[in-house]
Amino acid sequence: MKELSLNILDIVQNSIRAKADEILIKINESFANDIYQIKITDNGTGIPQEILQNITDPFVTTRTKRRMGLGLSLLEYHAELTGGGLEINSKAGEGTEVIASFAFKHIDRQPLGDIVGILIIMIAANPGINFIYTHNTDKGEYRFSSKETKEFLEVSTLNEMSLLEEIGWMIGENLKEIEVSGFELRKRNKVVL
Amino acid sequence: MSKITSLADLKKKREELKSGLDIRVKAIDPENVVQVKVAMATCGIASGAKTVMEFFLEQLERRNVAAVVTQTGCMGYCYAEPTIEVKLPGQDPVVFGFVDLKRADQIIEKYIKTGELVDGIIPVNYQTIDLKE
């Protein structure tokens with residue numbers, strides 16, 4: 001994983017598997033306070049206490065296809081490299097909260113990367129889930145909710161690609177506005193084979 | 001093109017577009033369209049599943065293929081990531097491994113459009129090492 005947004009995509013996959021229908025992705029970054037925090041909250045099935053205790057052990061997973069799980073372990077590793085860490089709170093039946101804390105200025109903190117592309121993929125592939133994305137910087141806050149967008153635009157689904165691309169531009173412009181660090185707005189529609 | 005910075009801008013732009021052409025609401029019945037599932041677990045993402053997923057989302061719409069693209073978890077073929085499962089209407093699903101953009105293009109042009117098989121198919125009877133014991 002070269003960028004934090006890929007880690008986010010990975011962790012969100014857990015929430016999707018836990019049958020969540022509302023997933024919050026919250027990023028708090030502050031250069032002034034040397035804080036970079038990613039918080040992912042879902043209302044899925046939650047994690048039983050006995051699994052929660054050693055969840056970042058790569059050999060702990062609830063999957064049956066293979067007996068290993070690297071997602072949370074990797075995220076914890078990346079966070080610890082910068083002097084931060086991972087915190088997971090969960091209650092069976094209520095949902096889960098994953099908080100990864102990094103030191104903003106540490107050289108091993110990866111850049112955010114293509115967060116807009118990740119959001120587009122998640123919204124396109126999971127029309128039934130409300131994704132709420134909040135980003136806080138020293139300059140301000142931006143909030144996006146897929147459900148509110150759907151209601152505002154009066155459409156039944158957002159998974160039409162041309163519409164999602166426009167939504168992507170909109171999110172990108174807003175992230176630039178609050179000077180989000182290390183994010184890239186990839187040129188879409190230009191596929192080189 | 002003016003910048004879109006708020007939902008109101010977005011709505012305005014959509015309405016301008018709508019007056020120009022008739023945007024039909026696609027009622028998608030998953031049984032009658034091509035279904036593409038991209039494996040998006042840690043193994044898949046680390047091998048580039050994101051780029052493959054973006055490719056299918058964009059290109060299937062651009063090439064006028066009625067399809068539903070979704071993401072799935074690990075299918076157990078971590079060695080062959082990125083993997084995708086394609087289900088043509090009325091047929092059994094086929095899993096393709098080592099899908100880069102070139103192969104993704106072949107899958108759309110050959111398998112999805114004409115039904116011709118391309119390289120990289122993971123046989124149905126393949127079992128993970130655990131199951132073989």
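User: Before we look at this predicted model, what makes a set of residues a nonpolar core?

Analyst: A nonpolar core is a set of buried residues such as Val, Leu, Ile and Phe, joined through C-beta atoms within 7 Å. By that test, the largest nonpolar core here has 76 residues. Those with the most contacts inside this core are A:Ile8, A:Leu119, B:Val38, B:Val52, B:Phe56 and B:Val69.

User: Which helix of chain A gives the most to this core?

Analyst: That is helix α4 of chain A, residues 115-125, with ten residues.

User: What is A:Ile8 in contact with, leaving aside its neighbours within four places in sequence?

Analyst: A:Ile8 is in contact with A:Ile25, A:Ile38, A:Ile40 and A:Ile118.

User: How do you know that chains A and B touch, and what makes up the side of chain B that touches chain A?

Analyst: Residues are in contact if their C-beta atoms lie within 7 Å, and 34 residues of chain B are in contact with 32 residues of chain A. The largest share of that side of chain B, seven residues, comes from α3(B). By class, the side has 16 nonpolar, seven polar and eleven charged residues.

Key:
Residues numbered from 1 in each chain as written. Chains lettered and ligands numbered in written order. Predicted model: local features only at pLDDT ≥ 70, side-chain atom pairs only at ≥ 80, totals over all residues. Contact = placed C-beta atoms within 7 Å. Helix = DSSP H or I, 4+ residues; strand = E, 2+ residues; numbered from the N terminus. Nonpolar A, V, L, I, M, F, W, Y, C, P; charged D, E, K, R; others polar. Buried ≥ 20, exposed ≤ 12 C-beta atoms within 10 Å, placed from the backbone.
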